[in-house]
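Open the model in your viewer and keep the selection panel at hand. The stops below go from a helix pair to its charged side chains.

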Amino acid sequence: MRAELRGRQRGATYQGVTQDKITIVRYIGKGNDAVDAILKAQDAFVEVDQYKAFHVAATKFINANYELYGRQIEIKTVQGSCETIPPAVACLRNEMKEIVTGNKPYFVYWNTSLCSGCFDELSKQRTPNAGGWHFRDSFSQARKPYHWDVQMSGTKMAQHTGRFWCAQLAGRPAIYAGSGNPAQNLRDNPRKIGVISTDDPENKGTVEGELAAELAKCGTSIGDRKYFYEQNITTADQQRRAAVLRMNPVGSGENAATSVLCFCDLVAPSFLYSEEQQQNYYPENIVVGSGFMDTDAAAQAYMGTLGCPLKSSKPCNFEDAFGLSSINAQEPMFKDTGQRVWNAGGGQGNAPFESVTGEWDYLNMIASLIQGAGPNLNPSSMEAGAFRQGIRGDAAHVARGFSPGNYAWNQDMRTVYWSPKTAARWNGEVGAYIQVGPGRTPVDGWRRSELSLPPKPR
């Protein structure tokens with residue numbers, strides 16, 4: 001049967017697909033020195049040559065273990081030249097066109113939180129693409145069958161967050177607010193929500209549309225307690241002051257947000273939590289599983305930025321953080337899935353970079369989509385095959401899969417709190433996210449109950 005399938009439709013079934021090869025482009029955005037320094041502190045910075053080294057091993061692994069119907073994948077790495085912080089959208093759109101015309105790929109991926117316009121352009125070029133964390137379902141639906149992503153869609157993230165809030169937090173006092181400023185008494189106040197997010201149209205639309213609709217079901221309104229920041233490191237100081245002022249208006253403790261939700265990328269929280277502390281503002285800081293800020297290394301870096309090591313007696317406004325995580329509980333560094341792929345693909349010793357599993361997630365998704373399409377590989381057959389595969393997961397592993405209208409792979413959440421005293425399995429350093437309860441929650445699984453965290457010190 002396998003040989004028979006390989007014999008069918010073996011040819012140039014779509015751009016980037018020949019009888020024996022499937023071309024994939026991995027786009028890497030132009031760096032920014034200030035942002036790169038923050039990413040290095042979070043074990044999240046990767047050099048271009050490190051990506052290329054992993055791609056060699058991952059390519060060998062995919063070609064040996066996935067049914068590609070006689071074809072082999074080839075990964076081309078393209079380094080961008082357009083500014084990304086903030087995104088120069090017109091330049092980036094043109095660069096996406098040039099990638100398609102110059103490389104003629106079947107699939108393009110960019111593991112980023114940036115630039116809905118970039119993925120819109122690739123979709124206009126009728127090129128399957130992945131990236132752009134947490135765009136709404138409507139974005140992919142309007143561009144089907146071209147735009148996909150590993151990370152949870154903004155729509156599903158808003159549904160999870162709103163239902164978690166309504167089920168476990170709404171209508172109760174903010175008992176997990178920090179104690180750094182007893183005069184403000186946020187801990188004694190009924191919860192008032194505040195939200196911070198990027199100003200990308202997709203991220204902004206998630207907050208003002210889907211999240212607001214979910215919160216309204218339990219009588220919660222964001223009101224003016226929202227701030228959308230530009231992903232621009234040069235204006236970070238002004239923006240962080242403006243964001244905290246929006247959450248905690250001067251002289252208006254009554255209208256202050258007791259509970260701040262950060263629909264953020266990796267970098268912004270470093271500025272947000274530092275500014276909160278400088279302004280003597282200690283709300284409940286609620287993570288929502290966005291942008292990999294729910295990794296142990298990222299949160300350890302936030303604590304370091306605040307100048308609050310374990311031995312310090314100074315109150316730290318992130319030490320009481322809790323909320324949702326969209327990723328699996330992290331395995332030890334260089335003993336995780338990406339490391340196993342590196343070794344199985346012929347790589348020696350440790351993988352080239354710490355966050356290799358995040359890179360593997362995209363290649364795994366793309367290879368699974370290609371395999372599911374069958375021998376006649378094109379965007380339509382790939383979509384049909386993705387829907388046939390269904391959704392799979394368990395208590396310890398994120399549920400992943402696609403269905404009509406749903407083009408984002410990750411589906412469920414786990415509830416976590418931040419422990420500044422627990423060593424992380426990931427790197428052995430002090431500070432780790434601890435899971436609440438036995439497993440993960442599907443989007444329709446939130447039930448009315450009061451969130452209960454262990455007493456301090458946690």
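Predicted model: local features only at pLDDT ≥ 70, side-chain atom pairs only at ≥ 80, totals over all residues.

Residues are numbered from 1 along each chain as its sequence is written, and side-chain values use heavy atoms, without hydrogens and water.

**Stop 1: the helix pair.** Select residues 89-103, helix 4, and residues 116-124, helix 5. Helices here are DSSP runs (H or I, at least four residues), numbered from the N terminus. Their axes come within 9 Å and cross at roughly 35°. Axes are lines fitted to C-alpha atoms over the stretch in contact, with angles from 0 to 180 degrees between N-to-C directions.

**Stop 2: Arg 93 and Glu 121.** Show both side chains: they meet in a salt bridge at 2.8 Å, N to O. A salt bridge is a side-chain nitrogen of Lys or Arg within 4 Å of a carboxyl oxygen of Asp or Glu. Arg 93 lies in helix 4 and Glu 121 in helix 5, so the pair ties together parts 28 residues apart in sequence. Glu 121 is buried, at 6% relative accessible area. Arg 93 is partly exposed, at 22%. (Buried is under 20%, exposed over 50%, partly exposed in between; 1.4 Å probe, protein chains only.)

**Stop 3: Lys 124 and Asp 120.** This salt bridge spans 3.7 Å, N to O. Lys 124 is exposed at 56%, while Asp 120 is buried at 11%.

Technical notes: Helix = DSSP H or I, 4+ residues; strand = E, 2+ residues; numbered from the N terminus.
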